[in-house]
Amino acid sequence: MIRLGLRNAWRSKSWLATTAALIAAPVFLLLVLQAVADAVERQTAILKRTVDNTLQLRARGSMGHVNMEGNKDLLPQRALGIAQRAAHVSRVEHYLLAMTPTEGHNFAMIVGVNPGETKRLESHGEAGNPRLIAGRDLIEADRGRRIAVIGRGVARWAGITADHLGEATLTLDLTRTHPVIFALKRPPVTLRIVGIYASGYVFGDMQLFMPLDTFREVYGVPEGISWLYVQADSVDNVRQVEAALRRELSDAADIIGPTAAAEFEATATRTVRRLAAGGAAIAALLMALVVFFVTLVNVRDRTRELGTLKALGASGGGIAASVVAEALALAALGAAVGAALFALLGNLFAKPFFAVAVRPFLAPQYRDSLADALVLSGASGAQLIAWAALAAVVAAVIGSAWGVRQAIRLSPVEALRHE
Amino acid sequence: MNKPVVRTVAATKIYRKGAHEVRALDGVSLAAESPALIAVVGPSGSGKSSLLHLIGAMDRATSGEVAVAGRSLASMTDAELTAFRRRTVGFVFQAFNLIPNLSALENVMLPMEFNGVTPGARRSRAQALLERVGLAPRASHRPAELSGGEQQRVAIARALANDPPLVLADEPTGNLDSKTGESIVELLAEVARERTVIVATHAEALARMAAAVFHLRDGRLAR
């Protein structure tokens, strides 16, 4: 009976062509939508890999520089433990900051950092990536020792060259003032310079990194934190980590979170995903509707034949198998045509389709940029076939259900009398 | 005396359409033995086809009893009636009713497929049946490629596929010219030597060859 159903699907070329075209159109639409959604998903994945997923915490309303006018408030030390214990936190780094005047009204930033942790640059989004160009970096053995690594700009100001590293020293006069810097009643301190780094930016090179323990001793800061960096284990969990920190530290801390990925996820990706899902549902519904009407026409055309089959003893299951097999064959052919059209013309249609059907629903900041950023390509062969096959099976089974019911319920006598 | 293959007792069939009621069969009682060629004759609308539908388990009697091969059909479910038709009855229709997308051989194999016969067995039996009706060379042809007489021969071979004790033929020569009709009548008469063949017909030649003739008029037997 399945074979009979499959043969019936091929009974007329014009019938076959019309039905295949009617089913191919929504399959094509479905695959285009899928391609757009996939492209946006890929874009999001790239964004998630490349964006910073690190939160920065500072004392409320303060930059956290221990000797800076109006900005010397520090985060309480307990913030470190709270961050380390929070769920979905993969890394916590804390720093102490101070300023020192250099020449004129310029100044350099002094940073207390644990050896091995990121050397962050205040001037460049606080997340720069300075590279060592001479000497060595801070190591565990440097903790508590008067040793520092300096930027190329500081080295130039202090007259330190790569040749003299290891012997070179730099003396910080903590009493010297600058319009925004407090004069501290602390004795000067001489640091041995062991490395020079370069960041590629003038202001980024104006920093000095010393071990955190050394900083505490030099500036007389036994506890407290200037900057606390909390890295989430995934960009998806940034909001959750931020919420946890806000619950515990909202009175004490300003929490600055990266928003790009989360916002993109919340706006563009979600919108496109919803549109794609809605469009896919409409396309699947269209396919099912086509199959529905095709099956009804088919059952009407084959009424007499179905009556004969019943008279000969075909079971209800056999009749159903025959009708569903025909619907599946037609849907599969339509899906194959739709998939082939997509493989040939998908890229051509996807961008205009995105512009017309998706763009108006996006947040303004993504409307113009996203389409250009998308790499719209046909899904890989296996994926394409899987999607088309799934759509065909679902549409055939759902769409033919009513026709199958009609066929099974046919009275053989009535069917045989059908003209 | 042979045991009757078909027995009806006061079989009545009433078709209702809204308030309108048509009494297609009205208290028909008959018995048909095996083997035998039985003719049911009568003018159009006399109830011949309705009687064949009741005997062939395609329809249920409104009242009365219909028993075929010793089994009463009244208490059977639809699925049981389907299985009963598959095993017990072969049908030959006026318009042949072959499946257009299947070859002659495949048409003959079809009832055996419904009956769970293995593909190999049904193919060899179908070939033998086509041989018997003289159409072995046309086995691979589709119905549209066969003449009316050839199509009816295929239909008779199909009716014999599951070796049923009863074959029902509804106006089997109605769509054929007289010469071709005669050859079909001869074929049915030959089939009737081994089983019961009940033919609803206008054909005098066929009625003359029948072991028994039942005359139907306005749904009643007028013997």
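Predicted model: local features only at pLDDT ≥ 70, side-chain atom pairs only at ≥ 80, totals over all residues.

Me: What joins strand β3 of chain B to strand β9 of chain B, and do they run parallel or antiparallel?

Reply: In general, the strands of a sheet pair through backbone hydrogen bonds, and they may do so either parallel or antiparallel. Here β3 (residues 36–41) and β9 (residues 212–217) of chain B run parallel, and four bridges join them. Both belong to an open sheet of six strands with mixed pairing, whose order in chain B is β6-β7-β8-β3-β9-β10. At its edges lie β6 (89–92) and β10 (220–221) of chain B, each of which pairs on one side only.

Me: Which strands does helix α6 of chain B touch where it packs on the sheet?

Reply: Helix α6 (residues 178–191) of chain B touches β3, β7 (166–170) and β8 (196–201) of that chain, and its direction makes about 150° with that of β8(B).

Me: How should I read the packing of helices α3 and α5 of chain B?

Reply: Begin with the angle: α3 (residues 104–114) and α5 (residues 148–159) of chain B pack at about 25°, their axes 8 Å apart. Angles under 35 degrees count as roughly parallel, and α3(B) and α5(B) are therefore described as roughly parallel to each other. The crossing in which α3(B) passes α5(B) is right-handed. Among the residues that meet there are L110(B) and P111(B) from α3(B), with V154(B) and R158(B) from α5(B). By class, this contact has six nonpolar residues, one polar and one charged.

Methods:
Residues numbered from 1 in each chain as written. Chains lettered and ligands numbered in written order. Axes fitted to C-alpha atoms, helices over the stretch in contact; angles between N-to-C directions. Helix = DSSP H or I, 4+ residues; strand = E, 2+ residues; numbered from the N terminus. Parallel < 35°, antiparallel > 145°, perpendicular 65-115°, else oblique. Left-handed = near helix turned anticlockwise from the far one by under 90°. Contact = placed C-beta atoms within 7 Å. Nonpolar A, V, L, I, M, F, W, Y, C, P; charged D, E, K, R; others polar. Pairing = 2+ DSSP bridges.
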